[in-house]
Amino acid sequence: QVQLEESGGGLVQAGGSLRLSCAASGRTFSSFPMGWFRQPPGKEREFVAAISWIGGMTYYADSVKGRFTISGDGAKSTLYLQMNSLKPEDTAIYYCAESSRIAHPNADDASRPSTYDTWGQGTQVTVSS
């Protein structure tokens, strides 16, 4: 059974950068699409970014486009989220997720939490003003 574990969160000043990692265990290779979501304090979980390994498509929420970059290592065992120009409104718990339900998600599929069936425990990102 696949397990996902996020790391790299922390406290950073506005304008700073962080790189989140999501390590997948329980498998050696996967072509399943993966994504990052976040849950700000008192709000619902929201889409951040996703990647479809087949075809190399990436998708981003408008709020992070141009600032965040999703990527993975060659074996697709680690997913990354490079976050630059961070803002206080980026403060949230960040979760990575993997989908075994849809092999080739379009933008709508990629942004829905229901597309994903394996989730990590989350890592806290706090951006101070």
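Student: Which residues does Val-48 touch, leaving aside residues up to four places away in sequence?
Tutor: Keep in mind that this is a predicted model. Val-48 is one of the members of the largest nonpolar core that touch the most other members. With residues up to four places away in sequence left aside, the contacts of Val-48 are Trp-36, Phe-37, Arg-38, Tyr-59, Tyr-60, Ala-61, Val-64, Phe-68, Leu-81 and Tyr-94.

Student: Which residue in strand 8 is the bridge partner of Arg-19?
Tutor: Strand 3 and strand 8 run antiparallel and are joined by 6 bridges. For Arg-19, the bridge partner in strand 8 is Gln-82.

Student: Is Ser-85 buried, partly exposed or exposed?
Tutor: Ser-85 lies in the loop between strand 8 and strand 9, and Ser-85 has a positive phi of about 50 degrees although it is not a glycine. Buried would require under 20% relative accessible area and exposed over 50%. The relative accessible area of Ser-85 is 41%, so this residue is partly exposed.

Student: What is the handedness of the disulfide between Cys-22 and Cys-96?
Tutor: A search of the whole structure finds 1 disulfide, formed by Cys-22 and Cys-96 with their sulfur atoms 2.0 Å apart. The pair links distant parts of the chain, since Cys-22 sits in strand 3 and Cys-96 in strand 9, 74 residues apart. Both Cys-22 and Cys-96 are buried. The torsion about their S-S bond is about 55 degrees, so the disulfide is right-handed.

Student: Why is the pair of Phe-37 and Tyr-116 edge-to-face, and how far apart in sequence are the parts that it ties together?
Tutor: The search of the whole structure finds 4 aromatic pairs. The ring centres of Phe-37 and Tyr-116 are 5.2 Å apart and the planes stand at 75 degrees, so the pair is edge-to-face, the cut-off being over 60. Because Phe-37 lies in strand 4 and Tyr-116 in the loop between helix 1 (107–111) and strand 10 (118–119), the separation in sequence of the parts tied together is 79 residues.

Student: Which residues form one aromatic cluster with Tyr-116?
Tutor: Tyr-116 also pairs edge-to-face with Trp-119, with ring centres 6.2 Å apart and planes at 70 degrees. Tyr-116 counts as buried at 3% relative accessibility, whereas Trp-119 is partly exposed at 25% relative accessible area. The residues that form one aromatic cluster with Tyr-116 are Phe-37, Phe-47 and Trp-119.

Terms used:
Residues numbered from 1 in each chain as written. Predicted model: local features only at pLDDT ≥ 70, side-chain atom pairs only at ≥ 80, totals over all residues. Heavy atoms only, no water. Core = buried A, V, L, I, M, F, W, Y, C linked by side-chain atoms within 4.5 Å. Buried < 20%, exposed > 50% of the residue type's maximum accessible area, 1.4 Å probe, protein only. Contact = heavy atoms within 4.5 Å. Pairing = 2+ DSSP bridges. Helix = DSSP H or I, 4+ residues; strand = E, 2+ residues; numbered from the N terminus. Disulfide = S-S within 2.5 Å. Phe/Tyr/Trp six-rings, centres within 6.5 Å; stacked < 30°, edge-to-face > 60°.
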